[in-house]
Amino acid sequence: MILGLRSKIIPLPDHKLGNIKLGSVTKDAICHRPCRVRCSHSTASSMEEAKERIRETFGKIELSPSSYDTAWVAMVPSRYSMNQPCFPQCLDWILENQREDGSWGLNPSHPLLVKDSLSSTLASLLALRKWRIGDNQVQRGLGFIETHGWAVDNKDQISPLGFEIIFPCMINYAEKLNLDLPLDPNLVNMMLCERELTIERALKNEFEGNMANVEYFAEGLGELCHWKEMMLRQRHNGSLFDSPATTAAALIYHQYDEKCFGYLNSILKLHDNWVPTICPTKIHSNLFLVDALQNLGVDRYFKTEVKRVLDEIYRLWLEKNEEIFSDVAHCAMAFRLLRMNNYEVSSVELEGFVDQEHFFTTSSGKLMNHVAILELHRASQVAIHERKDHILDKISTWTRNFMEQKLLDKHIPDRSKKEMEFAMRKFYGTFDRVETRRYIESYKMDSFKILKAAYRSSGINNIDLLKFSEHDFNLCQTRHKEELQQMKRWFTDCKLEQVGLSQQYLYTSYFIIAAILFEPEYADARLAYAKYAIIITAVDDFFDCFICKEELQNIIELVERWEGYSTVGFRSERVRIFFLALYKMVEEIAAKAETKQGRCVKDHLINLWIDMLKCMLVELDLWKIKSTTPSIEEYLSVACVTIGVPCFVLTSLYLLGPKLSKDVIESSEVSALCNCTAAVARLINDIHSYKREQAESSTNMVSILITQSQGTISEEEAIRQIKEMMESKRRELLGMVLQNKESQLPQVCKDLFWTTINAAYSIHTHGDGYRFPEEFKNHINDVIYKPLNQYSP
């Protein structure tokens, strides 16, 4: 059976999905006609222009100004006079960029960023008071602090990194500058005490983050910081942790340093009078842009640009570039993107993050940002080696446990909660198109990230990306809707309901492949895949319980004769209906495949069906009727064929586009990919269908393990062993799909094997997918029927 699922367990009698009627098939339904997605000339032109603007953002992405960091840079004294600012242009920027409410911070702000605004505002006030300018701005800033001081200890607000250390330090500095802050004295004393305890624990190596975890917040340590030792951490670009604020603090509290001045001057040459919260930003921005394009489902339009970026990242990875390896989030994201795009990268580079204690005691405080934890966990999911990637397994364990504990915190912001919940889902256990829609719907041009200050990236969060991804999603959806109409007409013409198939099954069969192999250019492969899924389900039901052995043998003989099937005859009407549906389908697909391949492949398609039908007969005759228990090897040699993977995957390969020679199709590479895919699909099925198949007296991997152990293995232990086998095969498959060396198969063809496994895992993410029709109805509506709301400015 296809991925172990049957049509008869889908109870959807009303032929509706949500409020959208799906069951009716009209005379003018589209059938075997090319689908054309239409849009106005002006819309097409507008989208092309948007695409070009997106293309131009590569390499030109800027982060938003940071009031907080700019204020610290403004406080640096001149190298020639301690009474003059070294960077007066930063003071000018502060004077010019106070918000209407008297605060400084990210523009536009966000209701959860009051702490960030307080931090940026206090830093700006310190800069102005230090150089005795902007009295009016200072008074307005104090007014903001007075009315928003409630947020200082509010757990529902998002805190900038190191806020509990830096903000009290700035309060102390304000007192030295005779700047009277309108804050509750009790609150101030509490913050100062907590800061001292935090620093004391760090200095005594009792804090889980160790001293390394507060170095990124060195401006919050002030004179307590061992600045000479801190300068040993200075990077090649002259900065401390790529942080303008920390680098500026070194010049304020420590001494003149040419490299620190050079670093800050290099930023101001780019931005004139302000600095971002992190610099350099090229690697940071390009990684996040590539990731965003993939999540939005539009990276295929920018293949050249994405490859150029990843080639450069890979070059820097091999050189162990400081900008990548000094930042956990950058390192983890680079590893994940490179590996999943066929670059050879070793997980050994992540060894420094192999366990939670080691991570927190060797990483700078910047790395405690939850984004770093999320990226580490995502990176841990792309293991492809059983032994070499044990590092990723350990990272996966502790990051998952860490996030599970964080999710128990009732004060965790919804934004962070959703990010963690999504990161904890297996990336190979979701429907791509469902997640793309969710990502687009949650995509906000005003979304932000936060380090010591909140920031945005205009190249990653902009209207062009939103409009372009929405438009592309809706274009694909229109195509899918038309293809489903073709499927409905085909289903009716073949009279498949008369052989026990519910029409509802065609929706789920088509959705499963459309939600993963969604691109319009793969329409022929997508339709063939879905039709094969339906026909294989029908024959599987025949073999399981619907017809006698003689009818099954009749079907096999009809397929073996093929061109001369009329000389065989039909033992029953249902055999006739089934075989004619199969015959017409294979003939149609073979004709399309011949056009694409430039050679006839029909014999191969027929032989695939013969192999599967004969294996199904073995399951019925030897294992079910005669109650013979096969060995594990015997079972897998047969069951990995009857799962349907060789039949519908190898057939669909011919329709993807690339020409595949007979030698390639019969190569050891294709055989290994097919065997691995079939094994994973079969094992997934057996784990989830064990109870049902046990009741039907059907052979299953779980029952075989229990029987052969003579009672020494429990059901739970058998399932655990199968999951280990399944995971091993899944990793082996991913490794083959991502392997470039000595591969004869085009990448799009290898991806189809991985797509098939993705479908199998996705169906069973919450149990047997077909036993949750409401969830599937929602998914089908979202992917095929419900348009995304077009952005309206």
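User: How many salt bridges does a search of the whole structure find?

Analyst: The search finds 45 salt bridges, each being a side-chain nitrogen of Lys or Arg within 4 Å of a carboxyl oxygen of Asp or Glu. This is a predicted model, in which local features need pLDDT of at least 70 and side-chain atom pairs count only at pLDDT 80 or more, whereas totals for chains, interfaces and linings use all residues. Residues are numbered from 1 along each chain as its sequence is written, and side-chain values use heavy atoms, with hydrogens and water left out.

User: What distance separates N and O in the pair Glu-375 and Arg-336?

Analyst: The N to O distance in this salt bridge is 3.1 Å. Glu-375 belongs to helix 17 (residues 370-380) and Arg-336 to helix 15 (residues 328-340), 39 residues apart, so the pair links distant parts of the chain. Helices here are DSSP runs of H or I with at least four residues, strands are runs of E with at least two, and both are numbered from the N terminus.

User: Is Glu-375 buried or exposed?

Analyst: Glu-375 is buried, at 2% relative accessibility, and Arg-336 is also buried, at 12%. Buried means under 20% relative accessible area, exposed over 50%, and partly exposed in between (1.4 Å probe, protein chains only).

User: Which residues are linked in a network of salt bridges?

Analyst: The network links Asp-524, Lys-531, Glu-588, Lys-592 and Lys-596. Within it, the side chains of Glu-588 and Lys-531 meet at 3.6 Å, N to O. Glu-588 lies in helix 25 (residues 573-597) and Lys-531 in helix 23 (residues 523-546), so this pair ties together parts 57 residues apart in sequence. Glu-588 is partly exposed at 22%, while Lys-531 is buried at 7%.

User: What about Lys-662; which residue does it form a salt bridge with?

Analyst: Its partner is Glu-666, with the closest N and O atoms 2.8 Å apart. Glu-666 is exposed, with a relative accessible area of 55%.

User: Changing topic: how many helices and strands are there in the protein?

Analyst: The protein has 34 helices and 4 strands. Of its 793 residues, 59% are buried.

User: And what share of contacts joins residues at least 24 apart?

Analyst: Among contacts between residues at least 6 apart in sequence, the share is 74%; contact means heavy atoms within 4.5 Å.
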